[in-house]
Amino acid sequence: MVMTESAISKWKVLIKSLNLNEETHLRLAIKGGGCSGFIKKLDYCQTKDIGDRDMIEEFSDVKVVVDMKSMMFLSDAVIDYKDGLMGAGFIVEIPSAKNSCGCGESFSM
């Protein structure tokens, strides 16, 4: 898994602007659903909420928490942040995904 400099920078700005502390991390999970079978879910996670079955990847002081089941799908994932005319937000690209839906929200393996 990789997190781009753009995503790292935006995460740090976001945490600061929301007055959150260094105990707040990015949680990435893969859940069943969407029109292609699986959806990517990004959320906040506090240190106290990290479980025994979670893995932590660290990128320039940004911790990304992923449960072990989701990690099976995310070995080659790239977490990025795009800011463009059509919208802005965090994007998780998974090159090993076989298909994705038209909107890019769901994928299949």
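## A walk through the strands, core and rings

Let us start with strands β4 and β5, which run antiparallel and are joined by six bridges. Helices (H or I, at least four residues) and strands (E, at least two) are DSSP runs, numbered from the N terminus, and two strands pair if DSSP finds at least two bridges between them. Please keep in mind that this is a predicted model, in which local features need pLDDT of at least 70 and side-chain atom pairs count only at pLDDT 80 or more, while totals for chains, interfaces and linings use all residues. Residues are numbered from 1 along each chain as its sequence is written, and side-chain values use heavy atoms, with hydrogens and water left out.

Back to our pair of strands. Glu57 has Val64 in β5 as its bridge partner. Together β4 and β5 make a hairpin with two residues between them, and Ser60 in the turn shows a positive phi of about 50°. On β5 there is a second pairing, this time with β2, in the parallel sense and over three bridges. Here Leu28 finds its bridge partner in Val66 of β5. How many residues of β5 are buried? Five of the six are, so this strand is largely enclosed by the rest of the structure. Buried means under 20% relative accessible area, exposed over 50%, and partly exposed in between (1.4 Å probe, protein chains only).

Now turn to the open sheet of three strands, whose order is β1-β6-β7, with mixed pairing. The edges belong to β1 (2–3) and β7 (87–93); each has a single partner strand, so one side of each is left without a neighbour in the sheet. Strand β6 (residues 78–84) pairs with β7 in the antiparallel sense over seven bridges, and Ile79 has Val92 in β7 as its bridge partner. Helix α1 (residues 5–17) packs on this sheet and touches β1, β6 and β7, its direction making about 75° with that of β6. Contact means heavy atoms within 4.5 Å; axes are lines fitted to C-alpha atoms, for helices over the stretch in contact, and angles run from 0 to 180 degrees between N-to-C directions.

Leu74 is worth a look on your screen: leaving aside residues up to four places away in sequence, it touches Met1, Leu28, Ile30, Val66, Val92 and Ile94.

Charged side chains come next. The structure holds four salt bridges, each a side-chain nitrogen of Lys or Arg within 4 Å of a carboxyl oxygen of Asp or Glu. One of them joins Asp54 and Arg27, with the closest N and O atoms 2.9 Å apart. Asp54 sits in strand β4 (residues 54–59) and Arg27 in strand β2 (residues 24–33), so the pair ties together parts that are 27 residues apart in sequence. Are these two residues buried or exposed? Both Asp54 and Arg27 are buried. Another salt bridge, between Lys48 and Asp49, spans 3.6 Å from N to O; Lys48 is exposed at 71% relative accessible area, while Asp49 is partly exposed at 45%. Asp80 and Lys82 also meet in a salt bridge (3.1 Å, N to O), with Asp80 buried at 10% and Lys82 partly exposed at 39%.

Finally, look for the rings. A search of the whole structure finds three aromatic pairs. Rings of Phe, Tyr and Trp (its six-membered ring) pair if their centres lie within 6.5 Å; planes under 30 degrees apart count as stacked, over 60 as edge-to-face and the rest as tilted. Trp11 and Phe90 form an edge-to-face pair, 6.4 Å centre to centre with 70° between the planes. Trp11 lies in helix α1 and Phe90 in strand β7, so this pair ties together parts that are 79 residues apart in sequence. Trp11 is buried at 6% relative accessibility, whereas Phe90 is partly exposed at 24%. The rings of Tyr81 and Phe90 have centres 5.1 Å apart and planes at 70°, so that pair is edge-to-face. Ring pairs link Trp11, Tyr44, Tyr81 and Phe90 into a cluster.
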